[in-house]
Each structure stands twice: as structure tokens, then as C-alpha cells.
Amino acid sequence: MPIITLTSDWGLKDHYLAAVKGTIYSLFPDAQIVDISHQIPQFDIAQGAYIIRNSYSFFPKGSIHIIGINTVASIETPHIAVEYNDHFFIGADNGIFSLIFDSEPDKIIEIEIPQDSDYFTFSTKDVFVKAACMLAKGTNIIELGSPLTELNDKLRLKPIIDENSIKGMVIYVDVYENVITNISENQFKRVQKGRDFVIEVRKNLIKKLSKSYTDVREGDILALFGSNGLMQIALNSDKAKSLLGLDYYESIIITFK
Amino acid sequence: MPIITLTSDWGLKDHYLAAVKGTIYSLFPDAQIVDISHQIPQFDIAQGAYIIRNSYSFFPKGSIHIIGINTVASIETPHIAVEYNDHFFIGADNGIFSLIFDSEPDKIIEIEIPQDSDYFTFSTKDVFVKAACMLAKGTNIIELGSPLTELNDKLRLKPIIDENSIKGMVIYVDVYENVITNISENQFKRVQKGRDFVIEVRKNLIKKLSKSYTDVREGDILALFGSNGLMQIALNSDKAKSLLGLDYYESIIITFK
Amino acid sequence: MPIITLTSDWGLKDHYLAAVKGTIYSLFPDAQIVDISHQIPQFDIAQGAYIIRNSYSFFPKGSIHIIGINTVASIETPHIAVEYNDHFFIGADNGIFSLIFDSEPDKIIEIEIPQDSDYFTFSTKDVFVKAACMLAKGTNIIELGSPLTELNDKLRLKPIIDENSIKGMVIYVDVYENVITNISENQFKRVQKGRDFVIEVRKNLIKKLSKSYTDVREGDILALFGSNGLMQIALNSDKAKSLLGLDYYESIIITFK
């Protein structure tokens with residue numbers, strides 16, 4: 001039975017999440033629901049995309065991921081269902097999909113499901129849940145509506161890469177205050193070609209990559225590629241964000257010798 | 001298999017929630033447990049009632065809703081199980097039930113279940129969970145104890161309605177800082193009879209109802225009836241609570257011409 | 001099917017928890033996962049131990065408890081699987097186990113599971129989840145690695161007991177700001193032998209034990225043994241921590257006459 005995951009900016013206090021879960025169980029009593037995160041800052045599709053990118057692929061193939069962030073439908077931001085990497089994603093095409101995927105999805109379908117109510121709509125509950133339960137019960141994604149040819153492509157928060165340097169930025173700060181950049185190990189290796197390098201973060205210079213937080217002395221700065229393949233800047237046993245004064249969108253510059 | 005939902009003011013850090021879930025699974029290994037909310041402000045039955053009111057009915061008929069807020073039993077606030085609208089509710093009759101239901105419940109039973117322990121009791125775990133698992137396994141609600149004839153009726157936070165006006169108040173502020181009032185669409189329509197009106201919120205005057213947040217310009221104030229049937233005051237793409245200086249119990253006055 | 005519980009200091013915003021759950025469902029689609037708490041303050045094994053101690057035993061025998069706090073493996077803190085009181089526990093032996101258990105566990109196994117990746121490891125996902133799923137599928141714990149003879153024993157936060165006094169301390173503050181001490185009812189009774197006593201908390205003197213918060217007047221201080229068997233200091237209907245100025249590690253002295 002496919003898993004249905006939920007990601008939103010609703011938080012955990014309000015009734016929204018429970019209303020959505022109740023609706024899923026009413027439509028599909030055998031549903032297996034897993035929360036990805038409901039603590040996305042309101043309307044922040046960049047952070048939502050980061051969290052979904054780094055978790056969805058661990059779920060079994062065929063899982064259905066509902067995205068409850070900026071869900072108001074408009075001509076520019078239609079409700080869509082997407083098939084990508086053997087997973088399904090349902091949400092409003094507000095740009096978040098282009099931040100989650102590395103390449104074109106296999107299918108993009110504009111959802112056309114009749115509404116029950118005249119009331120102001122709660123899109124996740126009234127549209128996405130229905131689409132998700134149809135997929136979970138075996139409906140082919142192409143039956144959910146009309147195919148679209150491309151996603152709404154938000155400027156991706158990608159690093160600027162040339163022959164001897166990579167200029168990236170901070171795209172996420174985790175609960176430990178480790179600072180995650182948009183520079184991937186693949187990008188790094190492609191430019192490095194075995195050369196020495198300097199990573200510049202504010203006034204700090206880092207000249208080697210660590211394999212683990214404990215490769216440097218307690219409180220010292222380090223850079224490593226995390227299990228998500230992205231460079232992170234951290235302090236051994238301490239909080240990089242506060243102590244280094246780093247925050248979202250701070251520049252990280254790598255220069256190769 | 002019926003769903004057991006949990007609502008409380010325990011938060012998510014302490015061991016209370018896990019102790020309750022572990023106890024449910026021990027008594028009833030096939031239980032399907034869903035959290036409604038554990039972020040109710042401590043002892044706040046009004047907010048707890050609002051959240052349960054707006055979520056319980058989306059769950060399948062026969063679901064069992066445990067309410068872990070102000071659970072100390074006394075002669076005035078007995079532990080009860082209630083059947084209402086084909087759902088079951090279990091908690092202390094501290095007034096929260098009268099705020100959840102719109103009409104008299106079908107059955108009210110004072111729970112009489114022997115305790116295991118001399119210790120200070122954790123009522124939700126030691127009483128409500130047992131009652132819930134008995135219901136989940138098919139015990140008739142009337143076997144849980146003795147019937148009561150009425151609920152402990154707290155002053156309901158109801159609007160004051162006359163021929164040409166409705167005076168309501170803010171009863172909830174959600175994660176987006178939308179401000180929800182206690183004025184329902186039914187009440188509004190009954191008094192309006194097609195007439196023009198003015199909604200007065202602090203010094204703001206609103207003269208029409210919106211269907212969606214985007215019916216007004218970004219940052220502008222609007223009133224709409226949400227999917228829960230209650231009037232809410234919001235700003236398109238902004239935070240009504242902070243920017244309008246609204247909070248719980250603020251007055252909302254509607255005058256009909 | 002055994003339950004797998006999760007406890008960590010990851011919080012609920014980041015992708016870590018979802019990545020772990022997705023991995024469990026991928027390895028073991030029938031898994032039944034329950035969150036104990038993810039709000040442990042970062043790296044705080046004492047609070048993590050308190051929460052696990054007070055919740056694990058309510059789960060069915062055979063449950064598997066994954067502990068995602070301070071999980072970096074080293075020679076001093078190996079990854080281990082432990083059998084204790086018919087439950088399984090998996091984590092790094094950083095001292096947290098010695099704080100959870102009251103006596104020697106039945107089995108301690110150093111986990112030896114091959115890694116998939118060269119990347120910096122996310123131990124909970126890459127090691128603990130595999131071990132947990134093996135146990136859940138019926139692998140004997142002794143097949144997970146090599147037996148160890150003892151746990152890494154952190155200084156336990158135990159009270160100092162003599163013939164006429166017990167000197168304990170605050171080890172936890174719950175969501176209601178009740179203050180929990182490390183003094184158990186067994187220890188208390190063993191020293192008391194029916195005598196009168198005075199409990200001294202800052203400048204407050206308490207001369208009797210209550211059975212319930214409502215045994216004293218509203219706002220008054222009280223001491224009682226909670227359902228976890230530990231003495232707690234509370235105010236009837238108010239917040240002991242803030243109002244009494246108590247916090248972690250504050251002394252509690254009981255003198256017997």
C-alpha cells in the first residue's frame with residue numbers, strides 16, 4: 001500500500017493537519033500517512049523544497065508526497081500531480097517543484113477534480129487529498145487531469161561555477177545550527193580536479209574537507225559533504241550559525257589553486 | 001478498525017504522549033492512533049474545543065477522540081464518554097464538551113473503570129485509554145459506566161445577535177495569523193437577509209465578503225467564511241493578528257443597513 | 001509486529017526524521033513507528049534518558065527503541081544494541097543507557113553492520129535503522145555484532161542518602177512547569193520509616209505528601225510522587241518552575257525527624 005507523506009507550513013497546533021489526515025482516512029481507511037515536516041516557515045517554498053528533496057527518496061518507490069505550501073491555485077500556479085523518480089508529488093506549481101527536482105519529471109498533470117463546496121477552499125484537503133487517494137488506490141496519474149509540458153521554473157538557487165572557483169550560498173540551517181550550502185560534491189570534484197583549495201566563509205578560511213565533525217578540535221570550524229551530497233559548514237560540538245554569524249543566503253566562495 | 005485520536009496540552013517534548021501511545025498499543029496492538037494537536041495552551045479548553053470542533057468530523061464515523069486537557073476528575077468534572085454525531089469523545093467534563101458540540105449529544109456516560117494504582121493518577125493514560133480501547137474493541141458505550149443527563153455547560157463564547165447587528169469576538173488565531181471569529185455563516189445570513197453591511201474590527205471597516213484571500217490587493221484586509229463556516233479576518237499575504245493588533249477576545253461588530 | 005520507537009534531538013522541522021522513517025518503511029514496509037520525542041535539547045543525554053525511562057515500558061514487550069542523540073561512534077562510544085526488561089534499545093553508548101536502566105541489561109552487543117556509503121554517516125539512518133529492522137524481522141540480537149560486558153557508565157544523577165536525610169536535585173521540568181526530582185518513592189520510604197519530615201526547596205518547606213495537585217489551595221506548593229515514582233514539586237494550578245525560581249539541578253533536601 002503506498003505511503004502518503006505530508007509537508008506543510010501549518011505547524012502542529014492548528015486543526016489543519018488533523019482535518020487533512022481525517023479526510024485521508026475517510027477516503028482511504030488503509031492509508032499509511034507519514035509527516036515529513038509541518039514546520040516550514042510560512043510560504044517559504046525554498047525551505048520546503050530543501051526538506052522534501054532530502055527526504056522523499058528514502059521512502060519506498062510509489063510513495064505519494066502532498067505539498068501543502070502556497071496552495072492557492074491560479075492560472076500561473078495550477079494544481080498539479082507530478083511523477084518523478086518513481087515517486088508522486090501533488091501541490092500547486094508555485095515553483096517548489098523546480099527546486100525539488102534535478103531534471104524534468106516524467107509526467108506533469110494539471111489536476112481537474114470537481115469541488116464539493118462553495119466555501120473558500122482548503123486546497124490540500126479538498127483537492128490534493130482526493131488526488132492522492134486516487135493514486136493510492138491505483139488510478140493512473142494521467143487520469144487526474146490534463147498533461148502539462150513544463151514546470152513553473154523559479155530561479156534556482158544554484159552556485160555560480162567557473163574554472164577556478166565556485167560561488168555558492170547558505171540554503172538551510174538545521175536544528176544543530178549546521179549551515180548547509182548549495183554546493184554539491186559532484187560540482188566540487190568536477191572543478192577541483194585534485195587541486196588544493198580555500199573555502200571562504202565570512203573571514204574564515206577552510207583548506208581541507210573533513211569526513212566527520214570530530215576531525216577537528218572541539219569548537220573549530222570544518223567543511224564536509226553531508227549524506228545529502230551538499231557541502232556544510234559546521235563547528236565540532238558547537239553552533240555554526242550563531243558563532244560564525246551565518247544565516248540564509250550568506251556567500252560561500254571556494255577558490256582552487 | 002476505529003481510529004483513536006489524541007488532543008492535549010502536553011506538548012511534544014515530554015514523555016506523556018509516548019506513555020499514552022505505548023499504553024494504547026499494549027492494550028490494543030491494532031490501534032490506529034492519530035494526533036490532532038498537543039500544542040493546546042495549558043488548561044485552555046476554549047482553544048482545545050475549537051481545534052477538535054474543526055477536525056473531528058473529517059475522521060471516519062466511529063472514531064474515538066481522547067481529550068487530555070484539564071483531566072482531573074471531581075464531582076463537578078467527572079470523567080465521561082460521549083457519543084455525538086456518530087463519534088465518541090472521552091475526557092473530563094470540565095466544559096470543553098459543551099464548546100465542541102452544537103446540540104445535545106446522543107449519550108453521556110460517567111466512566112466507572114477500576115484503577116490499577118495508588119499513585120497519583122495520569123487520567124488520560126489510566127482511565128481514558130482504557131475506555132477508548134474498550135470502545136475500539138466493540139464494547140457498547142453504555143457499559144463504560146452510568147448515564148448522565150447533561151453536560152457541564154460552560155458559558156459558550158457565542159455572538160450576541162439582534163435584528164440589525166451581530167456582535168462577535170475573536171476565538172482563535174491560526175499559524176498564518178488569520179483571525180477567526182465566533183460568527184457563523186448561518187447566523188450572518190439569517191440576519192443579513194440580503195442587506196448591505198459593515199464589519200467593524202478595531203478601526204477597520206469591511207463592506208463585503210471575499211471568497212478567497214486574493215480577492216483583495218496584497219496587504220489589504222478582508223473577511224471571508226472559511227471552510228469551517230466561521231467568519232475570519234485576514235490580510236492577503238500578510239499577518240492579520242500582528243498588523244491589525246488583534247488578539248483573542250477582540251470584538252467584531254457587524255451592522256446591517 | 002514489533003513497534004519501533006524514535007527519540008532524538010533533531011526537532012520536527014528538518015528532514016532528518018522523515019529520512020529515517022522513509023528508510024525504515026523501505027527496509028520493512030510493515031513497520032509500526034511511534035515517535036517518543038524529538039524535542040530533546042541538543043546533545044542532552046540526561047533529558048533524553050529521563051523521557052525514554054518514563055515511556056518505554058508502556059510499549060509492548062519486544063519493542064525496539066532507537067535513540068538518535070549523540071550518535072557519533074568512537075572507541076569510547078560504540079554503537080550498541082541492548083536487551084533490557086524485554087525491550088531493545090539501539091544507540092551510541094555515550095552514557096545515556098546507564099541513565100535509562102536501573103540494573104545491568106541482559107545483553108549488550110556492539111553493532112557491526114557494513115556501511116553503504118563513503119559519505120559522512122547519518123548513524124541513526126545508516127546503522128541504527130538497519131539494526132532495528134533486523135531485530136523487527138526476527139534476527140537474534142547476538143547476531144548484530146560482538147557482545148560487550150558493560151555499559152559506559154556516566155555519573156548517575158542519583159540522590160545522596162543517609163540515615164536521616166535525602167539530598168536530591170531537579171532532573172526535569174515538564175510542560176506544566178512541574179519540577180521533577182531524582183528522589184524515588186522507594187528511597188523515600190526506606191529512609192522515612194514512618195517518621196515526620198521536611199522537604200526543603202529553596203526557602204519553601206513542605207511537611208506532607210499530597211496525593212493530587214488539588215490537595216492544597218490554588219497556587220500553594222506541594223510535593224507528590226508522580227506516576228513515574230519520582231517526587232515532584234508543583235503548585236496547584238500554577239507553574240512551579242517560574243514562580244518558585246526552580247530549574248535543572250536545583251537541590252531538594254529532605255530531613256527526617
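Predicted model: local features only at pLDDT ≥ 70, side-chain atom pairs only at ≥ 80, totals over all residues.
Residues are numbered from 1 along each chain as its sequence is written, while chains are lettered from A and ligands numbered from 1 in the order in which they are written. Local features need pLDDT of at least 70, side-chain atom pairs count only at pLDDT 80 or more, and totals for chains, interfaces and linings use all residues, with side-chain values resting on heavy atoms and leaving out hydrogens and water.

**How the copies are related**

- Two copies of a chain are related by a rotation about an axis and a shift along it.
- Chain C is superposed on chain A by a rotation of 120° with 0.0 Å of shift along its axis, at an RMSD of 0.0 Å, and these two copies are thus related as by a three-fold rotation axis.
- Chain C and chain A use different surfaces, for 4% of the contact residues of chain C recur in chain A, where contact means heavy atoms within 4.5 Å.
- Only 4% of the interface residues of chain B are also interface residues in chain C, so these copies, too, meet through different surfaces.

**Chain B with chain C**

- On the side of chain B 25 residues are in contact with 34 residues of chain C, and the area buried between the two chains is about 2,400 Å², of which carbon and sulfur atoms give 60%.
- Buried area here is the accessible area (1.4 Å probe) that two parts lose on being put together, summed over both.
- Between chain B and chain C the count of salt bridges is zero, a salt bridge being a side-chain nitrogen of Lys or Arg within 4 Å of a carboxyl oxygen of Asp or Glu.
- Ten residue pairs, both at pLDDT 80 or more, are in polar contact between chain B and chain C; a polar contact is a pair of N or O atoms within 3.5 Å, where within protein one must be able to donate a hydrogen and the other to accept it, and residues adjacent in sequence count only if both atoms are side-chain atoms.
- Helix α1 (residues 16–27) of chain B gives the most to the side that touches chain C, with eight residues, helices being DSSP runs (H or I, at least four residues) numbered from the N terminus.

**Chain C with chain A**

- This contact takes 25 residues from chain C and 34 residues from chain A, and about 2,500 Å² is buried between them, with 60% from carbon and sulfur atoms.
- Helix α1 (residues 16–27) of chain C gives the most to the side of chain C that touches chain A, with eight residues.

**Domains within chain A**

- The domain assignment of chain A, with bounds from an automatic or database source, gives domain 1 (3–147) and domain 2 (160–256).
- The centres of these two domains of chain A, taken over C-alpha atoms, are separated by 32 Å, and four residues of domain 1 are in contact with six residues of domain 2.
- Domain 1 and domain 2 of chain A bury about 510 Å² between them, 58% of it on carbon and sulfur atoms; in domain 1, A:Q47, A:Y50 and A:N54 lose the most area to domain 2, together 81% of what that side buries.

How values were computed: Least-squares fit on C-alpha atoms with pLDDT ≥ 70 in both. Helix = DSSP H or I, 4+ residues; strand = E, 2+ residues; numbered from the N terminus.
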